[in-house]
Structures are given as structure tokens and as C-alpha cells.
Amino acid sequence: VDLKWRFSLLIFILAYALTWLFFGLIWWVIAYSRGDLEHLGDHTWTPCVNNLNGFVSAFLFSIETETTIGYGHRVITDTCPEGIVLLLLQAILGSMVNAFMVGCMFVKISQPNKRAETLVFSSHAVVSLRDDRLCLMFRVGDLRDSHIVEASIRAKLIQSKQTQEGEFIPLDQTDLSVGFETGDDRLFLVSPLIISHEIDERSPFWDVSRGQLERDDFEIVVILEGMVEATGMTCQARSSHLADEVLWG
């Protein structure tokens, strides 16, 4: 599903073509081993498949069987038990191939990856005063006219941490509050919005000075989720800010 379209279409074509060729070869082997190809035109001989006179006709019969076209010119007879078993196997496998490939194509067409690419984030975050409170802020916007329904945003601070017991955690994740308590994390993206994290006593940046902020090694991961208005599919856009991408003031 995540492959490029040219590779997805190639796999889609090969899945059917190779299946038809494989079963066409087996139909031809059955006709050859039974001697049907040596009795062409003999009306007293009952072949496994009527009017099968070579590999090309066996390949066409394989296509007709798996796609249930049923032209009626080539048809299996009841004197060939191995052909009946093969017919059942190809019908079952053909249904599985159809379900798998059509399902993959449907999911690939419906996936909202392209929609998530139109959700853009500011290249930098800033620590600045807002309403006389020190806040960490960044901006997010939607480039399309269609809206993202039930959009929500959350932020994670990822940095190394050492516990009081001396355990070292290389990638510790801490939630940054961006309005979960007040509902401000539920966004209506009709225009670019500034997302704010207030640096208070509960914030991991409460004891961080400007100098320490410039020296620290951390990453702020921002995740925006919502449903595509046209399809109802959930999309997710992610961005991050490293320590040197957070500007003071």
C-alpha cells in the first residue's frame, strides 16, 4: 500500500498475469499427459477440456476460468477428475487474488497521505510572552479549502533522562500541554493557528533558562490528527522542532 503507484500497478498486473500463466501451464500439462493433444479432431476421444489444442488455448481457458468469463467454446468435461480439482483450486485462488489486490488498490486510493502533506507547520518554535505568560508557540496551517474534521493536536518532548534511582532513559517522552484541559487542542483549521504551550510549574521547561535551552539536546514532536472531510478517512501529520529550532523571544 505504501509503494509508489508504478510499483503498485506492476504488482497488480503481475499478480493476475502470473496466476493465469501458472494455471494455463498446468492445464496444458494435464492435456499433454492425457494425450488430448494427440487426438485433436478425433470425435470419439473425450478430452479433459474441449477445444484445448495448445498452450495458448490453455492460457485462454485459464483466464476464462479465473475471471468467470465463460465463453463456452472451451469447457471442462466430467471425465477428468484432476481437471475438476484444478478448476476448484483456481476458482478459490482467483477469488483470493481478487480480494487481496482489489482491497490493496482500494486502500491505496483512499489513503489520506496526500491530504496530510497539505498540513504545514512553522519551521521554528518560539519561547515568548503571550498575555504576560511565558509560552512555547508554533504555528500550523491547512493549505486546502476543504476542512479537516475533528482535528486535534498534541506535542511530545523527547530527551534523555536519568531517574532518581540512576536509571538512564535515552528517549524519554513527556507530554506538553497544548490545551487538553481547556479544549484548545481541538482545532478548527480555517486559517493558520498559533498553538501555545504555557510554561508553568507543570511544564518540563519551567526550570530551563535561555542559556540552558540553547545547550540542551531535545526534540519536540507535534502530531496533528483529523478526518478528511471528503472521505472520512483519518489522516495524521507530524512535525518536529530540535533544540536549535526553538528561538527565545
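**Entry 1: H2 against H3**

I began with a contact between two helices. Ser-62, Thr-65 and Glu-66 in H2 meet Leu-87, Gln-90 and Gly-94 in H3. I sorted this contact by residue class and got 1 nonpolar, 4 polar and 1 charged. I note here that the model is predicted.

Next I looked up the geometry of the pair. H3 covers residues 81-110, and its axis lies 9 Å from that of H2. The packing angle is about 60°. H2 and H3 are therefore oblique to each other. Their crossing is right-handed.

**Entry 2: H1 against H2**

I turned to H1, which runs over residues 5-34, and to H2, which runs over residues 55-66. Their axes come within 8 Å. They cross at roughly 125°. Angles over 145 degrees would count as roughly antiparallel, so H1 and H2 are oblique to each other. H1 passes H2 in a right-handed crossing.

Which residues of H1 meet H2? I found Tyr-16, Thr-19, Trp-20, Leu-21, Phe-23, Gly-24, Leu-25, Trp-27 and Trp-28. On the H2 side I listed Phe-55, Ala-58, Phe-59, Phe-61, Ser-62, Ile-63 and Glu-66. The residues of this contact divide into 12 nonpolar, 3 polar and 1 charged. Two names were already in my notes: Ser-62 and Glu-66 of H2 also meet H3.

**Entry 3: H1 against H3**

One pair was left on my list. The axes of H1 and H3 come within 11 Å. I read their crossing angle as roughly 175°. H1 and H3 are therefore roughly antiparallel to each other. I counted the residue classes here too: 18 nonpolar, 5 polar and 3 charged in the contact of H1 with H3.

**Entry 4: The annotated spans**

I checked the UniProt record next. Its unreviewed entry gives "transmembrane region" for residues 7-30 and 84-107. I looked at what the model shows in each span. Residues 7-30 are 100% helix and 0% strand. The end C-alpha atoms of that span lie 34 Å apart. Residues 84-107 are also 100% helix and 0% strand. There the end C-alpha atoms are 35 Å apart.

The unreviewed entry also places a domain at residues 119-249. The record calls it "Inward rectifier potassium channel C-terminal". What is the chain like over residues 119-249? I found 5% helix and 56% strand. The end C-alpha atoms of this stretch are 26 Å apart.

**Entry 5: The whole protein**

I finished with the overall picture. The protein has 5 helices and 10 strands. Why do I call it more spread out than a compact globule? The radius of gyration is 32 Å. The globule rule gives 18 Å for 249 residues, and 32 Å is well over that, so the protein is more spread out than a compact globule. I also looked up the spans of the C-alpha trace. Along the principal axes they are about 100 × 50 × 25 Å.

Methods
Residues numbered from 1 in each chain as written. Predicted model: local features only at pLDDT ≥ 70, side-chain atom pairs only at ≥ 80, totals over all residues. Heavy atoms only, no water. Axes fitted to C-alpha atoms, helices over the stretch in contact; angles between N-to-C directions. Helix = DSSP H or I, 4+ residues; strand = E, 2+ residues; numbered from the N terminus. Parallel < 35°, antiparallel > 145°, perpendicular 65-115°, else oblique. Left-handed = near helix turned anticlockwise from the far one by under 90°. Contact = heavy atoms within 4.5 Å. Nonpolar A, V, L, I, M, F, W, Y, C, P; charged D, E, K, R; others polar. UniProt positions renumbered as here; feature names shortened; annotations may be inferred. Rg over C-alpha atoms; globule rule 2.2 N^0.38 Å.
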